[in-house]
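Me: I am new to this structure and would like to learn how to read its features. Please take them one by one, with the general idea before the case.

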Amino acid sequence: MTITQDATAADLKALAEQAGRDLEDASALEILQWAADTFGPTFCVTSSMEDAVVAHLASRARPGVDVVFLDTGYHFPETIGTRDAVEAVMDVNVITLTPRRTVAEQDAEYGPKLHDRDPDLCCALRKVQPLEEGLTAYQAWATGLRRDESPTRANTPVVGWDEKRQKVKISPIARWTQDDVDAYVAEHGVLTNPLLMDGYASVGCAPCTRRVAEGEDARAGRWAGRAKTECGLHG
């Protein structure tokens with residue numbers, strides 16, 4: 001079944017909730033094939049370029065799929081390099097979103113190093129707002145969220161309803177473990193961010209990301225020393 005572009009939010013929400021139940025035990029590729037068949041060009045993948053696993057999976061379901069990347073202005077060079085490599089070698093259409101303000105403009109308006117003083121506001125300006133604007137053309141978006149990453153993600157549905165954005169949110173590898181990710185990367189030669197081989201278990205903006213110690217939660221290196229665990233893109 002293909003959803004028309006004039007489908008209502010109520011239609012999409014009902015579809016998402018039903019699909020979440022029906023596809024709970026489906027493979028990641030089957031989930032993405034359902035998304036591609038259902039939403040066509042109004043489906044996209046978002047990627048932080050920590051790795052290209054979901055982008056690679058989605059390209060198998062829908063060659064040329066849109067892959068949306070948020071260039072916050074604070075990324076590690078390795079992350080930008082991973083984006084460029086993905087665009088060069090994979091059958092995807094990389095779309096780079098940027099915030100309304102450059103880092104310099106934000107510094108001028110809010111003061112330097114807003115990420116240190118008010119990381120929630122910095123994320124809102126440099127991640128959440130650009131993504132909401134960038135997703136307006138889509139009815140559904142896919143993420144790389146996994147239930148094993150942190151307690152806040154433990155109940156992530158494979159298909160759910162993004163109430164804030166009024167869109168279908170697909171997490172095709174929600175049930176995967178890090179071992180599953182590693183196996184897929186090895187089998188398919190999928191691009192990964194070089195920082196993952198340098199002590200980083202989760203890669204975000206450079207000022208707010210550190211290496212993790214042995215035995216730490218994979219996301220312990222994000223906003224270390226703060227209660228903050230999410231950037232706001234996922235709730």
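Me: In which loop is M49 found?
Reply: Helices (H or I, at least four residues) and strands (E, at least two) are DSSP runs, numbered from the N terminus. M49 is found in the loop between β1 (43–46) and α3. The model is predicted, so local features need pLDDT of at least 70 and side-chain atom pairs count only at pLDDT 80 or more, while totals for chains, interfaces and linings use all residues. Residues are numbered from 1 along each chain as its sequence is written, and side-chain values use heavy atoms, with hydrogens and water left out.

Me: Is M49 buried or exposed?
Reply: Buried means under 20% relative accessible area, exposed over 50%, and partly exposed in between (1.4 Å probe, protein chains only). M49 has 1% relative accessibility, so M49 counts as buried. Its phi is near 60 degrees, a positive value in a residue other than glycine.

Me: Where is Q166 found, and what is its phi?
Reply: The loop between β5 (159–162) and β6 (167–170) holds Q166. Phi of Q166 is positive, near 60 degrees, and the residue is not glycine. With 35% relative accessibility, Q166 counts as partly exposed.

Me: Which residues of α3 are buried?
Reply: Eight of the nine residues of α3 are buried, so the helix is mostly covered. They are V53, V54, A55, H56, L57, A58, S59 and A61. To see what covers them, look for contact, meaning heavy atoms within 4.5 Å. The buried residues of α3 pack against α2, β1, β2 (65–70), β3 (92–97), β4 (140–142) and α8.

Me: Which residues of α8 are buried, and why do they line one face of the helix?
Reply: Helix α8 covers residues 178–188, and its buried residues are V181, Y184 and V185. Seen down the axis of α8, these fall within an arc of 100 degrees, so they line one face of the helix. The arc is that of the directions from the helix axis to the C-beta atoms. The buried residues of α8 pack against α3 (53–61). On the other side of α8, D179, A186 and E187 are exposed. G189, which follows α8, has a positive phi, near 65 degrees.

Me: Which residues have the most contacts inside the largest nonpolar core?
Reply: A nonpolar core is a set of buried Ala, Val, Leu, Ile, Met, Phe, Trp, Tyr and Cys residues joined through side-chain atoms within 4.5 Å. The largest one here has 46 residues, and W34, F39, F43, V159, V168 and I170 have the most contacts inside it. Helix α2 (residues 28–39) gives the largest share of this core, seven residues. A second, separate core has eight residues, including L70, L131, L135 and Y138.

Me: What is F43 in contact with, leaving aside its neighbours within four places in sequence?
Reply: Among the contacts of F43, with those neighbours left aside, are L32, A35, A36, V65, Y138 and I170.

Me: How many residues line the largest pocket?
Reply: On a 1 Å grid over the protein atoms alone, a pocket is an open set of points where a 1.4 Å probe fits, with protein on both sides within 12 Å along at least five of seven lines; lining residues have an atom within 4 Å of a point. The largest pocket is lined by 13 residues, of which Q178, V181, D182, L196 and A201 lie nearest its centre.
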